[in-house]
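Here is a friendly walk through one chain, taken a few residues at a time. Please keep the model open beside the text as you read.

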Amino acid sequence: MRGTLGTDERARHIQHCMYQYSRAIYRSIKDLVDPYVTLREQAEYRKAVLEACEQTMERLAALLTRFEDSSAVGVLNRDGRLSAPPPELMAVVARGLELHERSGGAFDPTVAPLVDLYQVHFTAHGGPPDPAELAEVKA
């Protein structure tokens with residue numbers, strides 16, 4: 001089941017995430033710049049770092065989005081398997097499974113179908129799905 005977020009909303013969400021991650025990376029490295037380097041060189045370096053961060057975030061967002069059928073996650077969701085999963089996806093899945101185990105199941109990386117069911121059902125019917133629909137999605 002595909003997500004129901006519109007293209008503009010997805011783009012805004014991706015941009016917001018990219019901005020937040022870029023700022024966090026920028027804050028973590030800004031103090032590493034040599035204080036004897038000119039302000040112009042520092043500004044150029046910071047700009048290059050932020051551009052690299054944005055490019056990385058765009059690449060990862062394209063790879064890991066569940067809203068695009070052609071992404072690795074989209075193919076995995078559609079086909080139920082990947083013949084050659086990208087290392088970035090493997091790292092995210094491994095971390096999700098670790099958090100699932102450490103949280104005693106409170107964190108569930110497979111929750112997307114359930115979220116989608118609720119979103120579609122509330123939109124179409126104004127209320128939650130019935131127990132049979134929930135059981136089917138959870139199976």
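In this predicted model, a polar atom of the Ser 103 side chain sits 2.9 Å from the backbone nitrogen of Phe 107. Such a polar contact is a pair of N or O atoms within 3.5 Å; within protein, one must be able to donate a hydrogen and the other to accept it, and residues adjacent in sequence count only if both atoms are side-chain atoms. Ser 103 belongs to the loop that joins helix H4 (87–102) to helix H5 (112–125). With 31% relative accessibility, Ser 103 is partly exposed; here buried means under 20% relative accessible area, exposed over 50%, and partly exposed in between (1.4 Å probe, protein chains only).

Residues are numbered from 1 along each chain as its sequence is written. Because the model is predicted, local features need pLDDT of at least 70 and side-chain atom pairs count only at pLDDT 80 or more, while totals for chains, interfaces and linings use all residues; side-chain values use heavy atoms, with hydrogens and water left out.

Ser 71 is placed in the loop between helix H2 (39–64) and helix H3 (72–79), and a polar atom of its side chain lies 2.5 Å from the backbone oxygen of Thr 65. Leaving aside residues up to four places away in sequence, Ser 71 touches Ala 62, Leu 63 and Thr 65, where contact means heavy atoms within 4.5 Å. In H3, the buried residues include Ala 72, Val 73, Gly 74 and Val 75. Just after H3, Gly 80 adopts a positive phi of about 80°.

How do the residues discussed here compare in accessibility? The table sets them side by side.

| Residue | Relative accessibility | Class |
|---|---|---|
| Ser 103 | 31% | partly exposed |
| Glu 88 | 25% | partly exposed |
| Ser 71 | 3% | buried |
| Asp 116 | 2% | buried |

Glu 88 is in helix H4. Not counting residues up to four places away in sequence, Glu 88 touches Arg 59, Leu 60 and Leu 63. The C-alpha atoms of Glu 88 and Leu 60 are 7.8 Å apart in space, although the two are 28 residues apart in sequence.

Which way does H5 run relative to H6? The axes of H5 and helix H6 (residues 131–138) come within 9 Å and cross at roughly 150°, which makes the two roughly antiparallel. Axes are lines fitted to C-alpha atoms, for helices over the stretch in contact, and angles run from 0 to 180 degrees between N-to-C directions; those over 145 degrees count as roughly antiparallel. The crossing is right-handed, that is, the near helix is turned clockwise from the far one by less than a right angle.

Pro 113, Leu 114, Leu 117, Tyr 118 and His 121 on the H5 side meet Glu 133, Leu 134, Val 137 and Lys 138 of H6. Asp 116 is also found in H5.

Finally, the whole chain. It has 6 helices and 0 strands, taken as DSSP runs (H or I, at least four residues, for helices; E, at least two, for strands) and numbered from the N terminus. Buried residues make up 21% of its 139 residues. Of the contacts with a separation of 6 or more, 40% join residues 24 or more positions apart.

Methods: Angles under 35 degrees count as roughly parallel, over 145 as roughly antiparallel, 65 to 115 as roughly perpendicular and the rest as oblique.
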